[in-house]
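Here is a friendly walk through some local features of this protein chain. Have the structure open beside you as you read.

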Amino acid sequence: MRRFSAIIFLLCTFALAMSAQHIQRNYHNRSMSDVLIDLDKASRRYKISFIYNELEDFTVTQSVKTANIPDAIRKVIGFYPMQMTVGDSLITVECIRKSERKLIGRLIDNHNLPVEFANIQLLNPKDSSFLCGGVSNANGDFVIPCQQKQALMKVSFVGYKTICKLVPIARIGNVRMQANSYLLKGVTVEAARVVEKVDRQIIFPTKEQVKTASNGYDLLDNLSLPTIIVNRAERKVLSLKGGDVQIRINDVKASMQDVLALQPDEVTKVEFINVPGLKYGNSNLDAVINYQVRRRYAGYVGGVSTMQGTKAGFNNSDGYFKYNVKKSEFSINYSFSYRSVEERSYESLGTYHLPTGETLHRNYLGYDSPFLYTTNNVQLGYNLSEPDKYTLNVRLNFYNHNSPVRGMNQLYQESGKANQYLQNNRKMLEQIPSLDIYYSLNMPHDQNLALNLVGTYIGTDYQYRMREYTFNKSPEESVKSAPLTDYSYDATGRKRSLIGEGTYSKNWKQMALSVGGQYNISHTDNIYVGSSNADTELKYSNLYLFTQLQGQQKWFSYQVGVGATRSSIHQGENGYSKWLFRPQVTLQAKASDRLSFKWSSKITSDIPSLSDLSELRQYSNSFEARDGNSGLKPFTGYNNTLSASWNIPLMSVYLEGNWTYYDKPIATSILPEKREDGSYLFVSKPENQKSHNYKHLLLTPEVHLIKDHLDLNLMCEYQNVKTKGLDYSHEFNYFRYGAEIRYMTGNWNIGYGAYKVEKSFWGEKTNGGEPTSNLAVTYSYKNWQFGVLGLFVFYPHGCVYKDELFNKYVQQKNKVHLADQGNMLVFAASFNFNHGRRYHTGSRKLNNSDRDNGIR
């Protein structure tokens, strides 16, 4: 009998629990009257009674998750002067401070963010006696009924300067609160805009930085982040440390079109993640830049922009449009780029040592060869989101790259032999459609689940034309005769890939856990016809798993995690499958509110590229060729970084030291190969070498000469690189320096940056980048911005790229000269428009893409 009674009791309890009502709502700037109507419709038991006009002026910004209607009403009432009476089936809500007049406004800070839970007192202007008061809600809104026609308003909140001013009892709009000294879960900063955390800096853009920017690239350039260079003309973000930089918007990996469509006044803060965690997957990442943006929930936003060069063929043009209605956002982005260079030449001076002891000197003198390409990129997007609940994002992309002319014509000279003319041209047409589907679900207890699926097709048509002629007076006359050699071929590439990823995250008060995985599978089929005949079919799969824990204890912060990758690449019977492990730890210690130290250590893994794995020989000329190597293996890197960051109101200093060791890295070997006629062919081939030892020291001081108006950024770095190969050993040293200065006042933004040429060292080769000497002057007027950019200023003879090879058989000095890019002016104009209110679209945590076609 007792057992039967217990069963009956449990069944009744379960039935009651199943029948209990659960209320879950998310309100943003909704009137109290509308909220109560919504809750009345959701109620099964209660009827809610109130006077509509009496409560209409009170607004609600609140997430509601409760088990019953009375608790939901208590939560939306908050600190408003209202009273709720609950009966058996009737709930009455009324304002307990009756008045025809109300003081209505919104509290915001310097970054246009709402100030929540601020205390507002209304005092009698005659004797400062207390009349009434209120508290701002989550959106910064406040509504205070008051019979007076005017009152002395006193607003106070921790971290902000107290406001005391005479106001009319009416709608007064936004009231801006000035920050005093504030703490944002990181380092306390006074009169500054940077917060240090264990893996990132959080930067709050100033009014001047936002006002003089027309898109995301402009804003990022204005922020002057340490170790980051922004090229506005090329829409590129580069790292002074040589690695990759990933751009995200609301945690979503962003395309160039996304950054161009970003309106600076919608950016609340920028996260500069200078120690990327394991969740980003890419071991070559130097930094992740994440814009935190407020979105619209009704209305539209759009814009167009163009840049036109005056010398070489240069144009960038873009357009975007987004339309928001309720929970949906529809978007379209289009970008176009055009480059055309006539005065482009490639020169190579080489010394070749034969096994017989003979030494040859070969010079390749460059003729001006044309270079042309266009890109078209279209992106269609749809976003369905209910903030704090779920986000569905679908993007359809189409990328087209057409390069019909990419010449590299040369005069070949060798002592004792007749001169030859080398005619070289390449054509490529690449088309990449992709579909990207993303879903994120926020769960109770601060948990999140995010899923991402990306399908990509890459179609490539490639032509390589390489012919050698006996030189006869001029290139035009030379090509009239039959070629001595012809190493031309055509390649058709088709690649299909599918990338799936999922992550789970859980946040506690002072700790966060992330767990996730990604699976990437692709099939590449490249067919070569001509001097090289081959069908290279590559099958690739990659499984990546990770877990990461991050936390903070007073002055000490940490981030620890481990990743594991199983890579599998096969070409026919050749290939490999291997597990690689990637542990990472980052520790931060705050010596004071302005000074912090950070140490990061990680083990990385790199896999061979698809083109290096292709067993295919390609001839550069009759003397040189390049082979692939299907026997390549992944290699491991050990990275340690120690940095210090010091911030005071008028200055900030960042100092970083790095040591990286690669075991068995992939680099090029060059060996002479004897042919049947007794001559030698020098063959380049990628191989796993012995080691690569890299040491790097970087210092980047920033001085605010005139607060919020004039900034000076300095940079100096030192590199020491030691490489050991199967049959070589080299050491390289390089010192680099540079500076940028920027002046912002009113609607004007003037900046100039100059940096010594960047150099990188790998294997037996040094590669030099382009010199930086760029000027930018922009003027903003309402929704318009006009500008003039100067590229390679003070370089009248153009841009020169240099590299050197130090192989024991081959020593080369190579130079690419772009003569018509020196002192080039680029005129720019942009126009942005918008209409409607804003809301925060649910942000993505994942994003993947694939553009590796495997052709070389």
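## A buried aspartate in a helix

Asp 612 counts as buried, because its relative accessibility is 17% and the cut-off for buried is under 20%. You will find Asp 612 in helix α9, which covers residues 610-613. Please keep in mind that this is a predicted model.

How far apart are the C-alpha atoms of Asp 612 and Ile 202? They are separated by 40 Å, and the two residues lie 410 residues apart along the chain.

## Salt bridges

Next come the charged pairs. Side chains of opposite charge can pair when their charged atoms come close. The count of salt bridges comes to 28.

One of them joins Asp 199 to Arg 200, with the closest N and O atoms 2.9 Å apart. Is Asp 199 buried or exposed? Asp 199 counts as buried, because its relative accessibility is 2%. Arg 200 also counts as buried, at 13% relative accessibility.

Another salt bridge is formed by Arg 232 and Asp 221, whose closest N and O atoms are 2.8 Å apart. This pair links distant parts of the chain, eleven residues apart: Arg 232 is in the loop between β17 (228-231) and β18 (236-239), while Asp 221 is in helix α6 (residues 216-223). Both Arg 232 and Asp 221 are buried.

Asp 436 and Arg 395 form a salt bridge too, with 3.9 Å between the closest N and O atoms. Here again distant parts of the chain are linked, with Asp 436 in strand β32 and Arg 395 in strand β30 (residues 390-406), 41 residues apart. Asp 436 counts as buried, with a relative accessibility of 2%, and Arg 395 counts as buried at 11%.

## A hairpin

Now look at strands β7 (residues 119-123) and β8 (residues 130-135), which run antiparallel and are joined by five bridges. Ile 120 stands opposite Gly 134 in β8.

β7 and β8 form a hairpin, with six residues between the two strands. In the turn, Ser 128 has a positive phi of about 60 degrees.

## Positive phi in two other loops

Most residues other than glycine have a negative phi. Asp 446 is not a glycine, yet its phi is positive, at about 60 degrees. Where does Asp 446 lie? Asp 446 is in the loop between β32 (420-443) and β33 (447-470).

Lys 664 is also a residue other than glycine with a positive phi, near 55 degrees. Its place is in the loop between β44 (651-663) and β45 (666-674).

## A positive patch on the surface

Which residues gather in a patch of positive charge on the surface? They are Lys 690, Lys 695, Lys 722 and Lys 724.

Lys 690 is located in the loop between β46 (680-688) and β47 (691-706). With 48% relative accessibility, Lys 690 counts as partly exposed.

How values were computed
Residues are numbered from 1 along each chain as its sequence is written. This is a predicted model: local features need pLDDT of at least 70, side-chain atom pairs count only at pLDDT 80 or more; totals for chains, interfaces and linings use all residues. Side-chain values use heavy atoms; hydrogens and water are left out. Patches are made of residues with over 30% relative accessible area and no salt bridge: like charges are joined within 9 Å, nonpolar side chains (Val, Leu, Ile, Met, Phe, Trp, Tyr) within 5 Å. Accessible areas come from the Shrake-Rupley method with a 1.4 Å probe; for residues, only the protein chains shown count as cover. A salt bridge is a side-chain nitrogen of Lys or Arg within 4 Å of a carboxyl oxygen of Asp or Glu. Lys and Arg count as positive and Asp and Glu as negative; His and the chain ends are not counted. The place of a charge is taken as NZ of Lys, CZ of Arg, CG of Asp or CD of Glu. Helices (H or I, at least four residues) and strands (E, at least two) are DSSP runs, numbered from the N terminus. Buried means under 20% relative accessible area, exposed over 50%, partly exposed in between (1.4 Å probe, protein chains only). Two strands pair if DSSP finds at least two bridges between them.
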